[in-house]
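The following note was prepared for a colleague who wishes to read the model alongside its sequence. Please keep both in view while going through the points.

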Amino acid sequence: MAIEARMWHELGLSDEEYQRILDTIGREPTPTELAMFSVEWSEHCGYPRSRPLLRLFPKTGKYATAGRDGEDAGGIEVAPGLTVLFKMESHNHPSQVEPFQGAATGVGGIIRDIFTMGARPIAVLDPLRFGELDEPLAQYLFRGVVSGIAFYGNCLGVPTVGGELRFEESYKGNCLVNVMALGLVESDKIATSRAVGAGNPVIVVGNSTGRDGIGGASILASHEFGEGEEKRPTVQIGDPFTEKCLIEACLEALASGGVVGLKDMGAAGLTCTTCEMSAFGEHGMDVELQKVPRREPGMEPWEVLMSESQERMLLVAEKEREDEVLAIFRKWGLNAVVVGQVTDDGLLRVRDDGEVVAEVEAKALASPPVYELPTEEPAYYREVQSADLSSFSVPEDMGAVLRDLLSSPNIASAEWVYRQYDHMVQTNTVVAPGPGDAAVLQIKGRREGIGVTTDGNGRYCYLDPYVGAQLVLAEACRNLVCVGADPAGVTDCLNFGNPEKPDRFWQFKRCVEGLADGCRSFQLPVVSGNVSFYNETPDTAVYPTPVLGVVGVLKDVGHHCTSGFKKADDVVVLLGNTDEDLGGTEYLKRTHGVVTGKPPALDLEREKRVQSMCLAAVEQGLATSAHDCSDGGLAVALAECCIWGGVGAHVRLPDEWSHLRIDSRLFGESPSRIIISASSANAAKIEQMAKAEGVPVYVLGEVGGETLTIEVDGEVPISEAVGNLTDIWRDAIPSLMSQ
Amino acid sequence: MATATKMRFGIVIFPGSNCETDAWHALNDVMGAPVEYVWHQETDVGKYDCVILPGGFSYGDYLRTGAIARFSPVMNALIDFADKGGLVLGICNGFQILLEAGLLPGAMMRNVGQTFVCQYVDLRVENTNTPFTRAMEQGSILRIPIAHGEGSYYADEQTLEELKHNDQVVLRYCTEHGESTPDANPNGSLENIAGICNRERNVMGLMPHPERCSDPILGSDDGRQVWESLLRGK
């Protein structure tokens, strides 16, 4: 079959890329080879457009890192000889098309990235973003996505311990479904994906191969959604039962010592695994497609190679241990078929019924082009940066503003979601979703614990991508220290619009730069990550939304902390200071209907000092509760402390703040602030320690009663019954979802 | 006859079980009791004093939850074992499998709210006259979590009458004050039933997960009372 321009265009390759293929292999590609290049070089698999910038991320930090460059997931050493591997991925486009299966297969995919390295998956987190929740489309997607994640994660027996919910107009046509997974493995037992040892068998295990998702990841994730496009056939179907059996079989096979290399089939399925395992191992492979178990008749070679059928792995075994390894998979009721062998010529040779349909150098196939795309500061940026926020009026009724904020789905209780997730299986969940600023997991037999959270803020990043990204990082770390975990490593999921548009790429570049500088400041390595481009429709692009998963270490998991006030007469202390920071706030959006202004100013040194102080307070058992201020500002944070504690509080804002607008003091989102409650003796110690460390500290008041009372300048703008606030906060999402 | 210190536990693993390591940890690490895993192909469980069917999604809940597992070789062994008076405890999916196998009467339906529910619940101890509850106080309240999508227990009128007549209802969902009300029922099960036993009292099934709250660091250790009851011996 002659190759025509139409063919490579349909596969998503540009004329330049086709020319590059010609130059690389020195001849015209076969149709099968063309298909293989198109998926391996797609944005989703090859990262041609993001790779140069991603190199900015630091790979080392305070804690020792594990995993190797190019491998599926990296991690950090959480205790001597013990590594926690973690990664976050996106399944945005499939979820917009088919929310249940899109989200379910997102969970499946990220979990495979964990156990492919020999780690037992121990937790999942799901930061989710949709359009405004009062709209039917958002409700439909939200319901489907949460059900899909529950369906897959619960069946696997991996607890979903955290996540995030954000609802913004910007995500209406492009929901963001990011899923993070963690796994635990002994540091010297981390498995590799290298194919080495000529003659070693190449084995396909797991589900059979069908036409699902053909070109899905590459096509869906490499282009914008057009008007009225029907993409349903390209979404894959998940089978968590098979994946559960795969987890057990793979871990057993790895423990047997008979496995040389293991890689999961995700985007670009067999093409990606055969090519990357070979390239990474500096060997080649000879593979016979007709041996691959099929679930549909009459599949063409390129269909088998591009299929994204779920729950499949590619495995290279030691030749002498082949039978033993196959027996393990069969014991668990899984397909396990030898489809080829490793060679030492560096070529990926694919046969179908004897005929060679593709033969290319594995390294060439695994080396997509790299593009340095142009950036251009967008027009809106100057406007929002110079917006005059003093023109917005100060509301009369602050209690009404507080109640309204608590009813915002961005702030309200997420119990409707996490109640559907098994967050307790594996009996490691010490702080479950809800009561803490981050999740805390114990490690059986060890004193250390793991803290983990996910965070993102599209609004801040839209208003200032560089500062916004750093604010996200700061908040994630702040959430960790509140539960008593020392931030140790970062995984990122970067959700952006079309990178071929210079203003979108400018946002991407600035976010990555902000993140890289921020991580260096916090001494945090970025151990893994994912980029999702083209989150755009003809109407809008999403807010630039880098979502971070940050893992922290608790020296002693017994010394952890949650956010609710606990005891009447405990003293309420604020670490940090408040400034005029209304830009990009939830309050500005809900009460004044705008998203504008500079996001809150961030002083990284102060942020680190505040976090250090909080961590010390929790580690030393001085804090009864710790909760950071974020969406909705101080008033909302105080309300949350009361709600979780089932008790009121009486506080007085410092006179030092009287030069600030009253709404800034109550609802502004100045970063680097943490509310701690403690016995009066401990509060005094905390105050002393803070002053010694140069950390701003204020005693705000006491816990007690059944009302949240906030005094400002001698007046009482907020005096709300905690029971009432609790009802509003708890019922917001369920009542929208019961329509 | 097994004494308390020598009570030997077996935990069955079906493809798709996912709470077996939690049960193992509760018994072996927390309670110090000897435990072994039992692969579902096993044909003889005679060497154990108590066999546990753990929670999870055996066979992916295909067809009906527990419907396929009940045909595993180990289930025949288990029926024999129970016939001879061996102790059997089915937790969550384990309970569902016991119902499908006919070792307990009744059936399990989808939660009335149509979604999976994972949360702590309060349970009232209705019957302390079983090996699984003999260390508990009659009428006391236990805080134990549930995690299921199909936990709504159902039995026809006659079966229900027999259950009550023979004192086979062991645990009921209740409020924190011990009242068994519809509000306290998370899944719509008949008469707020959370756990039952057979007439001979050697087989028990319950939807809540005692293995998830046997260690105080996890928020509640009321689940220990189940293991303590068993470890008292006959």
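1. Basis of the note. This is a predicted model, in which local features need pLDDT of at least 70 and side-chain atom pairs count only at pLDDT 80 or more, while totals for chains, interfaces and linings use all residues. Residues are numbered from 1 along each chain as its sequence is written, and chains are lettered from A and ligands numbered from 1 in the order in which they are written.

2. The sheet. In chain A, six strands form an open, mixed sheet in the order β1-β2-β3-β6-β4-β5. Its edge strands are β1 (65-66) and β5 (160-167), each pairing on one side only. Strands here are DSSP runs of E with at least two residues, and helices are runs of H or I with at least four, numbered from the N terminus; two strands pair if DSSP finds at least two bridges between them.

3. Pairing within the sheet. Strand β3(A) pairs with β6(A) in the antiparallel sense over nine bridges, and A:Lys87 stands opposite A:Ala181 of β6(A). Strands β4(A) and β6(A) also run antiparallel, joined by seven bridges; A:Ala123 has A:Leu182 in β6(A) as its bridge partner. By contrast, β4 (residues 120-130) and β5 of chain A pair in the parallel sense over seven bridges, with A:Asp126 partnered by A:Gly163 in β5(A).

4. Cover of β6(A). Ten of the eleven residues of β6(A) are buried. A residue is buried if 20 or more other C-beta atoms lie within 10 Å of its own, exposed if 12 or fewer, and partly exposed in between, with C-beta atoms placed from the backbone.

5. Helices across the sheet. Helix α7 (residues 99-115) of chain A lies across β3 (82-90), β4 and β6 (176-186), at about 25° to β6(A). Helix α8(A) lies across β4, β5 and β6 of chain A, at about 180° to β4(A). Axes are lines fitted to C-alpha atoms, for helices over the stretch in contact, and angles run from 0 to 180 degrees between N-to-C directions.

6. Helix α8(A) and its partners. The axes of α7(A) and α8(A) come within 7 Å and cross at roughly 40°. Their contact residues divide into twelve nonpolar, seven polar and no charged. The axes of α8 (residues 136-156) and α10 (residues 240-256) of chain A come within 9 Å and cross at roughly 35°. In this second contact, A:Phe151, A:Tyr152, A:Cys155 and A:Leu156 of α8(A) meet A:Pro240, A:Phe241, A:Glu243 and A:Lys244 of α10(A). Residues are in contact if their C-beta atoms, placed from the backbone, lie within 7 Å.

7. Nonpolar core. The largest nonpolar core has 322 residues, and those with the most contacts inside it include A:Val573, A:Cys614 and A:Ile676. Helix α19 (residues 465-483) of chain A gives the largest share, twelve residues. Such a core is a set of buried Ala, Val, Leu, Ile, Met, Phe, Trp, Tyr and Cys residues joined through C-beta atoms within 7 Å. Beyond four places in sequence, the contacts of A:Cys614 include A:Val481, A:Cys482 and A:Leu575.

8. Contact between chains. Chain B brings 21 residues to the contact and chain A brings 24. On the side of chain B, β6(B) gives the most, with three residues. That side has eleven nonpolar, seven polar and three charged residues. Ala, Val, Leu, Ile, Met, Phe, Trp, Tyr, Cys and Pro count as nonpolar, Asp, Glu, Lys and Arg as charged, and the others, Gly among them, as polar.

Note on methods
Contact = placed C-beta atoms within 7 Å.
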